[in-house]
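Please keep the structure open beside you as you read.

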Amino acid sequence: MPDLTRRELLRLLASAVPSLTLLAQVKEDIFQQERICLHIYDPKQSIPDPLKERQPSPGRRSPSRKYFHAGISELILCTSSERLLNIFQYFWPVSGPEFRQLQESISVQFEKPTVSDSGAIDQLKKYLGEQRSSLQREAANVAVVFTYNDYTRFFTPILVDLCKTGEVHELLIIKDPTKAPYLCDHPSIQKGFRKPPPG
């Protein structure tokens, strides 16, 4: 095999790794316990007030405290050939097969396993600025996937502002549906519940 072909193959495999491993560690018990809720927003349209409200400083992230985590990176920028809304038409409950469909549909461009401070958002902003023209040219859909928990919520308003100005088509929020804020109570471009929520 010529060197050029080998290099091209390695580059192809390297670019495929993030999307292949993105959801490999998703905790199955989250689906079984129905403790995962997905909310999709068009940043250019209405965003629920709780996601825009400025919070006091979060302080330091505690390694001893348990934060909601679906098992994937807390901040992801990805591209896809179609809207994520087509996959997640309902925000609850979410199934394993839907997550696998997401995995097969996207290409991860940028990710931060843990959002420990606003620097992660700054890095995403820099990446979007540097890649804006190529993303617009090559991708039909640009989406940000963000895990909302007791710590990352402090950075959500900054992320929302970035998505509005950074040519992001969709903002997907992953959160525990049993904890406030209850985004299900706000207007949504999704259809709502697939089945009635627990009483």
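## Terms and ground rules

Buried means under 20% relative accessible area, exposed means over 50%, and partly exposed is in between, with a 1.4 Å probe and protein chains only. Helices (H or I, at least four residues) and strands (E, at least two) are DSSP runs, numbered from the N terminus.

This is a predicted model, in which local features need pLDDT of at least 70 and side-chain atom pairs count only at pLDDT 80 or more, while totals for chains, interfaces and linings use all residues. Residues are numbered from 1 along each chain as its sequence is written, and side-chain values use heavy atoms, with hydrogens and water left out.

## Helix α6 and what follows it

Let's start with helix α6, residues 156-165, where Thr156, Pro157, Leu159, Val160, Leu162 and Cys163 are buried. These buried residues pack against two helices, α3 (49-52) and α5 (119-138), and against the strands β2 (75-80), β5 (141-147) and β6 (170-175). Contact here means heavy atoms within 4.5 Å.

Glu167 sits in the loop between α6 and β6. Its phi is positive, about 60 degrees, although Glu167 is not a glycine. Glu167 counts as partly exposed because its relative accessibility is 34%.

## The nonpolar cores

A nonpolar core is a set of buried Ala, Val, Leu, Ile, Met, Phe, Trp, Tyr and Cys residues joined through side-chain atoms within 4.5 Å. The largest one has 30 residues, and those touching the most other members are Leu51, Leu75, Leu77, Leu124, Val144, Leu159 and Ile173. At least two residues of this core come from each of β2, α5, β5, α6 and β6, and α5 gives the largest share, six residues. Another core, of 20 residues, lies apart from it and has Ala70, Ile72, Ile76 and Leu172 among its members.

Leaving out residues up to four places away in sequence, its contacts include Phe110, Val115, Leu124, Val144 and Leu159.

Glu34 is in the loop between α2 (28-32) and β1 (37-41), and its 26% relative accessibility is why it counts as partly exposed. Beyond residues up to four places away in sequence, Glu34 touches Trp92, Pro93, Pro177 and Lys195. Glu34 and Trp92 are 58 residues apart in sequence, with 7.9 Å from C-alpha to C-alpha.

Trp92 is joined to Pro93 by a cis peptide bond, with omega near -15 degrees. Pro93 belongs to the loop between β3 (90-92) and α4 (96-105). The bond between Ala180 and Pro181 is cis too, with omega about 0 degrees, and Pro181 lies in the loop between β6 and β7 (192-193).
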